[in-house]
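Reader: I would like to learn how to read ring contacts and a ligand site in a model such as this one. Could we go through the features one at a time?

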Amino acid sequence: MSAKLIDGKAVAAEVNAETAAKIKELASSGIVPGLAVVLVGDNPASQVYVGMKEKKCNELGIFSRKCVLPQDASMDELMTLIDELNADKRIHGILVQSPPPPQIDERKVIESISPEKDVDCFSYTNVGRILTGDLSGFLPCTPYGVQVLLEKYQVDLASGHTVIAGRSNIVGKPLAAMLMQKGKNANATVTVVHSATRNIEKYVADADVLIAAVGVPEFIKGEWIKPGATVIDVGINRINLPDGKRKLVGDVEFEVAAERAGLITPVPGGVGPMTIAMLMRNTLKSCMKHNHLL
Ligand code: NAD
């Protein structure tokens, strides 16, 4: 492997240490950030994610409130809970773990969360803010984590071509909007490739910075990577090995890509730890704004 590894665990630990230090400082004034995580139903993966968020809150000194509704909960029940959390002064961030059961209209639920507590940055208001270059709201956690990794490793976005594979509302699209903005850690010339793009390899071969968020194991072949490129792999895919064991892989064929890239994120240990770290930072930011400290 000739590429240098981007250590997402180490950068996330740094971000978390900064968050914890600020929370400690606020505690002396009796201020405690609070995050409410709403889980509807019993999806096992969602339970794991909610547990991870709760644990990180506890580690950093964030008050966490876990609200669990049954699998058959109605929209009315969920909306009543969101209203209560919107009014709760101890809570500065609210998120509803995705995916909810089918009777839940996820968009309607997101829009019912106060934009000032929408720390996932999924609401029309906060997404619109990003698109117009207004950084007063929140940044969505995974794209924000990618941007911080690029910053920490001093990747110059302005001078080359950035290619994002994937156009989801939670990763590809907001990341493209963030990286193309005028300003620090941005100014990128962005191309977004997706399921309707022909000859994706042609775009990937021209990428100085490649960000993969496709959700297909090892979709981006190592030999497509431009020599010396920076490769950020957002993908988290579980695959079955011939011996019956399971393994986590990204959206990039890591072994071959790592021979060609200049910098590359591993999976796991790349973008993954950053997502929760940025959620914690957003919750702190929200708390500071609610207390007129920002
Ligand atoms: P998604 O399924 O919502 O979107 C995938 C995107 O990839 C779509 O826009 C689609 O156009 C594109 N795509 C799918 N198949 C394609 C193909 N064959 N050719 C070209 N484009 C194709 O996924 P998502 O929520 O954006 O997540 C993407 C990946 O990132 C998943 O593996 C997910 O698990 C992972 N993820 C990781 C984190 C993290 O914290 N590290 C957070 C969110 C998502």
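Reader: Over which ring does the charged end of Lys289 sit?

Author: Please keep in mind that this is a predicted model. A charge is said to sit over a ring when NZ of Lys or CZ of Arg is within 6 Å of the ring centre and within 35 degrees of the ring normal. Here the charged end of Lys289 is placed over the ring of Phe138, at 5.8 Å from its centre, and Arg107 lies over the face of Tyr124, 4.3 Å from that ring's centre.

Reader: How many aromatic pairs are there, and are the planes of Phe219 and Trp224 stacked or edge-to-face?

Author: The count is 1 aromatic pair. Planes over 60 degrees apart count as edge-to-face, and because the planes of Phe219 and Trp224 stand at 90°, with ring centres 6.2 Å apart, this pair is edge-to-face.

Reader: Which residues come nearest to the ligand?

Author: Among the 21 residues around the ligand, the nearest are Arg167, Ser168, Val234, Ile236 and Thr275.

Reader: Which atom of Ser168 lies 2.5 Å from an oxygen atom of the ligand?

Author: In Ser168 it is a polar side-chain atom, whereas Ile236 places a backbone N or O atom 3.0 Å from a ligand oxygen, and Asn237 has a polar side-chain atom 3.4 Å from an oxygen atom of the ligand. Taken alone, the ligand exposes 850 Å², and the protein buries 70% of that.

Terms used. Residues numbered from 1 in each chain as written. Predicted model: local features only at pLDDT ≥ 70, side-chain atom pairs only at ≥ 80, totals over all residues. Heavy atoms only, no water. Near = heavy atom within 4 Å. Polar contact = N/O pair within 3.5 Å; in protein donor to acceptor, adjacent residues only side chain to side chain. Areas by Shrake-Rupley, 256 points an atom, 1.4 Å probe, with all protein chains shown as cover. Phe/Tyr/Trp six-rings, centres within 6.5 Å; stacked < 30°, edge-to-face > 60°.
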